[in-house]
Amino acid sequence: MITAIYPGSFDPVTLGHLDIITRSANMFDKVIIGVLNNTSKKPLFSLEERVNMLTDAVSGLDNVSVECFNGLLVDFVKQKKSNIIIRGLRALTDFDLEMQMAQGNRVVAPDVDTVFLSTSVQYSYLSSSVVKEYARYGVDLKEFVPECVIPQLIDKIK
Ligand code: ADP
């Protein structure tokens with residue numbers, strides 16, 4: 001039984017995230033999405049809102065669940081009896097930071113490994129920040145976020 005953890009801010013979840021989640025769910029027995037309760041990043045959506053939107057977005061995937069966590073990622077990973085972290089890679093700009101985090105995590109927890117999935121081409125430009133920017137300017141959001149996120153995002157931006 002192999003469990004993998006996909007951590008992130010998900011402020012809000014995008015179709016790029018959902019693509020990584022769906023592909024991970026095909027690779028591992030169980031995927032737990034770890035929503036980071038980050039006070040430093042000042043997210044647009046509360047932790048509860050982010051968890052609820054994700055839960056809705058992954059409702060069709062039987063082996064995927066959503067939880068939130070505080071503190072060190074590797075502690076959360078171990079607590080969930082996992083040793084695999086999933087991260088998505090878009091452009092070279094992601095690489096530096098992701099490499100640094102993966103290597104740092106291996107120093108702190110040598111038995112935990114990070115698996116990188118490259119973005120699908122159609123989502124390579126997509127981020128939660130881009131989506132929030134589009135929402136501010138009234139762009140149609142259906143190409144970017146799961147259906148359930150659209151009304152909440154529009155509401156929040158108002
Ligand atoms: P964080 O604040 O941890 O970077 P994000 O919610 O921005 O949280 O991203 C979570 C993970 O999803 C990261 O590994 C990020 O690189 C990945 N990701 C975000 N957008 C995409 C996308 N369009 N395609 C593939 N991976 C993505």
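**Exercise 1. In which loop does K81 lie?**

Before we start: this is a predicted model, where local features need pLDDT of at least 70, side-chain atom pairs count only at pLDDT 80 or more, and totals for chains, interfaces and linings use all residues. Residues are numbered from 1 along each chain as its sequence is written, and side-chain values use heavy atoms, with hydrogens and water left out.

Solution. 
- Step 1: Find α3 (73-79) and β4; K81 lies in the loop between them. Helices (H or I, at least four residues) and strands (E, at least two) are DSSP runs, numbered from the N terminus.
- Step 2: Check the backbone: K81 is not a glycine, yet its phi is positive, about 60 degrees.
- Step 3: Look at the surface: K81 counts as exposed because its relative accessibility is 74%. Exposed means over 50% relative accessible area, buried under 20%, and partly exposed in between (1.4 Å probe, protein chains only).

**Exercise 2. Describe the loop between β1 and α1, using F10 and P12.**

Solution. 
- Step 1: F10 has a positive phi of about 50 degrees and is not a glycine.
- Step 2: Is F10 buried or exposed? F10 is buried, because its relative accessible area is 2%.
- Step 3: Move along to P12, also in the loop between β1 and α1. The peptide bond joining D11 and P12 is cis, with omega about 0 degrees.

**Exercise 3. Work out how the protein holds the ligand.**

Solution. 
- Step 1: List the polar contacts, meaning pairs of N or O atoms within 3.5 Å. A backbone N or O atom of F10 is 2.9 Å from a ligand oxygen atom. From R87, a polar side-chain atom lies 3.1 Å from an oxygen atom of the ligand. Y123 places a backbone N or O atom 2.8 Å from a ligand nitrogen atom.
- Step 2: Consider the area: taken alone, the ligand exposes 550 Å², and the protein buries 89% of that (Shrake-Rupley method, 1.4 Å probe).
- Step 3: Name the elements: β1 (3-8), α1 (15-27), β4 (84-89) and α4 give two or more residues to the shell around the ligand.
- Step 4: Count the neighbours: 17 residues surround the ligand (a heavy atom within 4 Å), and the closest are Y6, S9, K41, G88 and Y123.

**Exercise 4. Where is D96 found, and is D96 buried or exposed?**

Solution. 
- Step 1: D96 is found in helix α4 (residues 92-108).
- Step 2: D96 counts as exposed, because its relative accessibility is 60%.
- Step 3: For a distance, take F69, 27 residues from D96 along the chain: their C-alpha atoms are separated by 24 Å.

How values were computed
A polar contact is a pair of N or O atoms within 3.5 Å; within protein, one must be able to donate a hydrogen and the other to accept it, and residues adjacent in sequence count only if both atoms are side-chain atoms.
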